[in-house]
Amino acid sequence: MDVAKLDYRSLIVFESVSRHLNAGLVANELGMSISSVSRHLGILRDIFQDVLFIRRAQGFVLTEKAIQVLPFIQQLLSGYKDLKHNHTQFNPLTAKGHFKIYAFNEFTYVINKVVNELILPQAPNLTFEIRTLSSDCVRAIEHGEIDFAVVYENFNDHKIISKMLSPTEELFLIAKAGHPVFNNELTLDNLCQYGYFALDNFNDLCSPLLAQMAKNQGKTLNITGATDNIAALSRHIIDTGSISMSCNVFTREFYDLISGIQTCTLPQELTEQLLGLINVGRTVGNYLIYSEINQSATHHWLKQQLFNAISDEWYQAMKPQ
């Protein structure tokens with residue numbers, strides 16, 4: 001066994017294979033081809049005189065030798081990581097990379113704003129694909145196909161890392177400008193007088209919060225439809241006279257620009273009662289989510305830029321106009 005032939009790239013391939021047990025996932029994580037992964041595995045097998053990873057239908061299986069060697073590999077990589085973080089300097093001006101960012105509703109506007117006004121002036125060689133999230137993205141994020149997503153509380157995979165951008169503290173009523181709902185106190189009885197078109201913010205819920213509260217109190221709320229699309233909701237609000245509700249301050253900011261639609265903040269007591277109906281095992285709010293696949297300095301820098309800037313934009317929008 002000639003450990004002098006060990007190189008950093010082979011070490012990280014070893015560690016990544018031990019976690020993923022799949023060459024394709026390793027290649028995706030490390031930004032290399034599957035043939036390169038196989039080449040490094042060949043180097044490792046020659047060095048340790050052992051097959052190390054046995055191929056099975058469900059993926060690789062570690063040999064006894066691989067299990068014995070793994071803690072030493074992890075210790076070496078930890079040293080490399082400390083050396084890199086403490087004694088090398090990241091320069092965003094020379095950083096390169098393409099990143100996919102997905103988000104719900106009005107977050108896409110804010111992310112574009114942050115990217116164009118804050119990130120690109122610092123890191124002009126980065127490129128971005130920013131799209132509206134319209135389906136479950138957990139698997140794509142886990143595999144590194146999407147770099148970041150901004151979502152509400154609906155995600156369950158333990159492999160996804162989540163950082164809360166902001167908690168949900170306010171709910172906003174949305175209705176056609178001049179709607180009679182605004183003429184009276186915003187109580188459950190008042191709201192139940194009108195049709196309700198749901199903006200599907202809370203995907204963990206089987207029915208809108210307002211409908212759940214009404215049912216719990218023996219009242220009825222007429223659900224006229226549901227959508228996760230702001231444009232569709234706007235037409236329904238204006239054309240049908242239905243009311244709606246949102247937890248997103250960026251949605252409220254958008255509707256402040258639309259002359260035909262009016263918003264107002266629900267009373268605190270009613271808001272607390274509605275949010276109290278949500279039981280998802282974590283604080284309800286907005287999260288930046290990503291996987292641990294990409295460990296590059298550029299990804300780490302971008303993560304911090306996105307988190308800080310989007311969070312700042314949220315709290316700025318929360319301030320009374």
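**Figure 1. Polar contact between Lys 163 and Gln 304 in the predicted model.** The side chains of Lys 163 and Gln 304 form a polar contact at 3.3 Å; a polar contact is a pair of N or O atoms within 3.5 Å, where within protein one atom must be able to donate a hydrogen and the other to accept it, and residues adjacent in sequence count only if both atoms are side-chain atoms. The model is predicted, so local features need pLDDT of at least 70 and side-chain atom pairs count only at pLDDT 80 or more, whereas totals for chains, interfaces and linings use all residues. Residues are numbered from 1 along each chain as its sequence is written, and side-chain values use heavy atoms, with hydrogens and water left out.

Figure 2. Lys 163 belongs to strand β6, residues 161-167; strands (E, at least two residues) and helices (H or I, at least four residues) are DSSP runs numbered from the N terminus. With a relative accessible area of 23%, Lys 163 is partly exposed, a class lying between buried (under 20%) and exposed (over 50%), computed with a 1.4 Å probe on protein chains only. Beyond its neighbours within four places in sequence, Lys 163 is in contact (heavy atoms within 4.5 Å) with Asn 286, Tyr 287, Leu 288, Tyr 290, Gln 304 and Phe 307. Between the C-alpha atoms of Lys 163 and Cys 137, which are 26 residues apart along the chain, the separation is 16 Å.

**Figure 3. The five-stranded open sheet.** The strand order is β4-β3-β5-β12-β6, with mixed pairing; two strands pair if DSSP finds at least two bridges between them. Strands β4 (126-132) and β6 stand at the edges with a single partner strand each, so one side of each has no neighbour in the sheet. On average, neighbouring strands of this sheet are turned by 20° against each other, direction ignored. Strands β5 (residues 148-151) and β12 (residues 285-290) run antiparallel and are joined by three bridges. Val 151 has Tyr 287 as its bridge partner in β12.

**Figure 4. Helices packed on the sheet.** Helix α12 (residues 297-318) touches β3, β4, β5, β6 and β12, and its direction makes about 20° with that of β6. Axes here are lines fitted to C-alpha atoms, for helices over the stretch in contact, and angles run from 0 to 180 degrees between N-to-C directions. Helix α5 (residues 107-122) lies across β3 (97-103), β4, β5 and β12, at about 170° to β4. Gln 305, in helix α12, is buried at a relative accessible area of 17%. Leaving aside neighbours within four places in sequence, Gln 305 is in contact with Leu 118, Ile 119 and Gln 122.

**Figure 5. Helix α1 and the residues at its ends.** The end C-alpha atoms of α1 (residues 8-20) are 18 Å apart, in agreement with the 18 Å that its 13 residues should span at 1.5 Å a residue; the expected span is 1.5 Å times one less than the number of residues. Buried residues of α1 include Leu 11, Phe 14 and Val 17. Asp 7 caps the N-terminal end of α1, with a side-chain oxygen 3.1 Å from the backbone nitrogen of Arg 9. Just after α1, Leu 21 takes a positive phi of about 55°. Leu 21 lies in the loop between α1 and α2 (23-30) and is partly exposed at 29% relative accessibility.

**Figure 6. Gln 49 in a loop.** Gln 49 is located in the loop between α3 (34-48) and β1 (53-56). Although not a glycine, Gln 49 has a positive phi of about 55°. Gln 49 is exposed, with a relative accessible area of 63%.
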